[in-house]
Amino acid sequence: MSKILIIAEKPSVAHDIAAALGGFSKQGDWFERADAVVSSAVGHLVELACPEAEDPRYDLDRLPAIPSRFNLAPIAKTAPRLTMLKKLMARPDVHTVVNACDAGREGELIFRYIYLICGCRKEMKRMWLQSMTAPAIKTAFAKMRAGRELDGLFNAAQSRSEADWILGVNGTRATSILVTRQTGQRTKASVGRVQTPVLYLIVEREEAIRKFVPKAYFEVHAEFAAKAGIYLAKWIDPAFQPDPLNPDAKAERLFDKAKADSVAQRCAGKTPSSVSDTTNEITSMPPKLFDLTTLQREANRKFGFSANQTLSIAQALYEKHKVLTYPRTDSSALPEDYVDTAKATLTRLGDGGLQVSPFAAKAVAMVTFEKRIFNNAKISDHFAIIPTGLVSQTLSGEESKIYDLVCRRFVAVFYPPAKYLQTVRLTIVEQETFQSSGRVLVQEGWLVVYGREADDKDEPALCAVGKGELPANRKVEVVALETKSPVRFTEASLLLAMETAGAAIDDDELREAMKERGLGTPATRAKTIENLLATEDSKGHSIEPYIVREKKNLKPTEKAFWLIQFLRDNALMALASPVTTGMWEFKLREMEQGKFPRGQFMGEINTLTREVVDRVRSIAKTLPAPAAKKPLGVACPKCQKPILADDMTFSCECGFKVWRRIAGRVLTEQEGQQLIAQGALPTLSGFTNAKKKPFSAGLKLASDLSGKVDFVFEERSETESGNTEAAVKCPQCGKPMRRRQGGKAGGFFWGCTGYPDCKHTMDDQDGKPVPKQPGGAKASANKSGDTCPTCKKGKLIGRQGGQGQHFLGCTKFPSCRHYERVAA
């Protein structure tokens with residue numbers, strides 16, 4: 001019997017699909033029944049790869065790397081999962097492959113890359129999952145779409161992936177090369193399509209804060225006494241018009257103290273000539289349903305949750321607890337045929353025993369079709385985040401907070417508006433105008449769902465002034481104030497800036513695109529912020545972050561200022577432009593709908609990338625030529641050819657390279673000789689970590705011949721007598737001696753911790769230091785050409801170290817680091 005193969009994005013989703021559809025039995029890493037097989041990826045299984053022949057790596061003369069066609073390569077750690085899916089696709093009884101990955105760009109990309117790398121040509125279909133409840137899964141299964149209907153989405157996803165690679169890899173390589181040429185320091189200047197424009201927004205805000213100079217201004221405040229009570233007022237200029245070029249100017253502000261004093265003196269003690277009230281009804285509509293960005297902003301504002309934390313919680317509420325719909329959405333509307341579903345969901349919430357349940361029960365009768373809520377035109381990949389109607393009793397405290405936010409927002413959207421009576425009072429004294437305002441809530445409307453906590457618009461009511469009454473003028477005074485500096489971004493305000501980048505965009509069409517996509521997408525914005533905050537790279541090595549958290553605020557580090565200034569100084573700000581990112585997002589959105597050709601988009605990306613690299617190349621040509629390389633006097637451990645030294649590296653023509661600057665310290669040529677010849681260096685001082693703190697460590701060459709150098713930190717082991725090694729003093733300088741191993745599988749010796757100022761060493765005998773013997777502690781009967789006594793595979797050959805000492809070393813170095821000192 002022919003079968004369909006359903007591929008989900010994660011094993012948990014595959015399990016839920018099999019459970020919802022029913023009749024499946026587990027077979028290893030998949031589920032199977034008579035007509036279907038359900039399995040899954042584990043996120044991305046495939047990544048882009050540049051063909052080796054087309055990858056210039058860090059050769060500026062050959063950059064940029066723009067492959068004529070990208071290769072697809074398995075991600076090593078998930079390769080077994082890919083192999084399993086390939087076998088399932090190749091089964092003769094499987095005739096159709098169904099994409100049940102997340103319904104969006106990334107989900108489409110994950111599946112299509114698997115489909116392509118496996119060489120599958122079978123019919124493709126799509127399950128579009130909006131929530132993980134059993135009814136929603138059954139509906140998606142019954143309404144599967146032809147795979148070709150999503151070709152536009154895949155084109156956009158593939159273009160985004162390739163554009164990020166092309167611009168990110170070439171931008172990072174080119175700028176890193178230029179930094180190294182200009183400063184002599186090996187620095188990776190990481191740039192990215194979204195990350196760098198976001199960093200620019202943060203740096204630009206911090207620069208405005210640093211440059212801010214407060215301006216003194218003055219307000220004239222008055223206090224009036226009517227029969228019914230006292231009210232306060234501020235002087236205003238009734239003819240004031242806002243000036244976009246002078247945002248500090250406001251109707252109540254006077255920047256001339258003499259004028260403020262004059263107003264106060266003329267009005268002090270004078271009876272008002274008239275009092276007039278204007279009252280209007282103000283309507284406050286319920287807030288829109290949550291998309292991911294607004295949910296992240298609200299959770300940050302109310303609970304201090306990071307964007308990434310909120311996304312993780314919402315994802316768990318969707319996948320694990322099944323109480324929320326798909327969270328990675330940029331829509332705040334529901335489908336137009338969802339009216340009955342909304343009523344059913346409210347009914348279930350009303351019976352759910354939640355704090356919001358009484359309000360949900362009442363809301364059922366309030367549901368009507370409104371374009372503000374139900375609007376297909378406002379929905380892209382997914383509709384707004386709403387409850388599914390299921391109720392879980394196993395939510396954690398943090399999960400309960402996010403769940404309650406979404407439930408209250410969903411219930412409140414169907415309630416009527418809140419209404420206020422807004423009163424503006426103008427009191428005229430000596431032909432000067434003093435303004436008061438008051439606001440009174442007259443209809444709670446949707447605010448009742450929140451217990452009035454959302455009411456940030458209420459103001460004290462103004463006391464009544466009778467018809468014809470002229471209140472007493474009790475006080476008029478000048479109040480000195482200062483303008484406030486811009487405030488740092490919180491994650492909530494940064495998410496808003498990423499969503500709109502409004503101030504940076506002048507074009508209305510672009511602004512609309514930015515509102516829908518902005519800098520990144522809802523699914524990627526949290527990750528972008530976390531990348532900027534990262535203190536470790538992808539390999540776990542410590543790095544200086546671009547931004548840090550100070551309570552709720554985000555503050556750029558000096559590394560961030562340096563990168564943005566570097567881009568400015570070298571006319572490379574196209575890499576940090578919100579306008580550029582907005583244009584790309586707009587075109588990708590158009591591509592999803594089949595309105596913009598993929599080839600044209602990639603052509604524009606390639607053109608910009610070439611312009612950036614050409615700019616870097618032209619600047620590099622104006623710099624002094626690097627110092628000529630000279631022989632270091634040691635053989636390459638990879639190919640045995642001579643190692644050459646220049647100002648920045650110890651390198652070989654075979655590609656082996658060791659950078660001289662390591663954690664702020666530059667290796668001398670003697671240290672380079674010893675490191676490459678022996679594979680290690682004893683403890684050196686003068687290193688600095690990412691926090692600019694000094695430290696000492698030994699160095700060790702990586703055994704994979706990559707040229708990577710690892711730190712080796714001292715371990716304070718105990719001697720047989722129970723005393724630490726610190727008790728052994730150097731006979732030359734008095735500093736502690738340390739027992740060290742000469743290399744992987746090599747012999748032990750004792751070295752002074754005062755190295756490199758003191759280079760005294762002693763031989764090791766049964767874990768204790770002894771004076772060096774002629775020929776060294778291991779001066780045995782072994783000679784050049786003998787079999788290595790450690791690995792039994794290599795041969796011992798004579799070598800000379802950086803300090804002129806002679807030794808026998810194994811030809812299997814660096815996999816075997818055995819060595820023996822011999823007499824010179």
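A: Seven strands make an open sheet with mixed pairing, in the order β2-β3-β4-β1-β7-β8-β9. The edge strands are β2 (25-27) and β9 (145-146), each pairing on one side only. Strands here are DSSP E runs of at least two residues and helices are H or I runs of at least four, numbered from the N terminus; two strands pair if DSSP finds at least two bridges between them.

Q: And what am I looking at, in terms of source and numbering?

A: This is a predicted model, where local features need pLDDT of at least 70, side-chain atom pairs count only at pLDDT 80 or more, and totals for chains, interfaces and linings use all residues. Residues are numbered from 1 along each chain as its sequence is written, and side-chain values use heavy atoms, with hydrogens and water left out.

Q: OK. How many residues of β4 are buried?

A: Five of the five residues of β4 (residues 36-40) are buried, so the strand is largely enclosed by the rest of the structure. Buried means under 20% relative accessible area, exposed means over 50%, and partly exposed is in between, using a 1.4 Å probe and protein chains only.

Q: Which residues sit on which side of β4?

A: A36, V38 and S40 are on one side, V37 and S39 on the other, and both faces are covered.

Q: What does β4 do with β1, parallel or antiparallel?

A: Parallel: β1 (residues 3-8) and β4 pair over five bridges. I6 stands opposite V38 there.

Q: And with β3, parallel or antiparallel?

A: Antiparallel, with three bridges joining β3 (residues 30-33) to β4. R33 faces A36 of β4, and the hairpin that joins β3 to β4 goes through two residues.

Q: How many bridges does β1 make with β7?

A: Six, in the parallel sense, with β7 covering residues 94-100. I4 has T96 of β7 as its bridge partner.

Q: Switching to helices. At what angle do α1 and α4 cross?

A: Roughly 85°, with the axes of α1 (residues 11-21) and α4 (residues 134-142) coming within 9 Å. Axes are lines fitted to C-alpha atoms, for helices over the stretch in contact, and angles run from 0 to 180 degrees between N-to-C directions. The two helices are therefore roughly perpendicular to each other, a label for 65 to 115 degrees; under 35 is roughly parallel, over 145 roughly antiparallel, and the rest oblique.

Q: Which residues make that contact?

A: D16, I17, A20 and L21 from α1, and A134, I137, K138 and F141 from α4; contact means heavy atoms within 4.5 Å. By class there are six nonpolar, no polar and two charged residues. Nonpolar is Ala, Val, Leu, Ile, Met, Phe, Trp, Tyr, Cys and Pro, charged is Asp, Glu, Lys and Arg, and the others, Gly among them, are polar.

Q: Which residues of α4 are buried?

A: A136, I137 and A140. They cover an arc of only 100° around the axis, which puts them on the same side of α4; the arc is that of the directions from the helix axis to the C-beta atoms. The buried residues pack against α1, while P135 and A142 are exposed on the other side.

Q: What about α5 and α16, at what angle do they pack?

A: About 90°, with the axes of α5 (residues 151-183) and α16 (residues 558-569) 12 Å apart. T175, L178, V179 and Q182 in α5 meet W562, F566 and L567 in α16. That contact has five nonpolar, two polar and no charged residues.

Q: Back to sheets. What's the strand order in the three-strand one?

A: β24-β25-β26, open and antiparallel. β24 (680-688) and β26 are at the edges with a single partner strand each, so one side of each has no neighbour in the sheet. The twist averages 45° from one strand to the next.

Q: Which helix packs on that sheet?

A: α19 (residues 669-678), touching β24, β25 and β26, with its direction at about 135° to that of β24.
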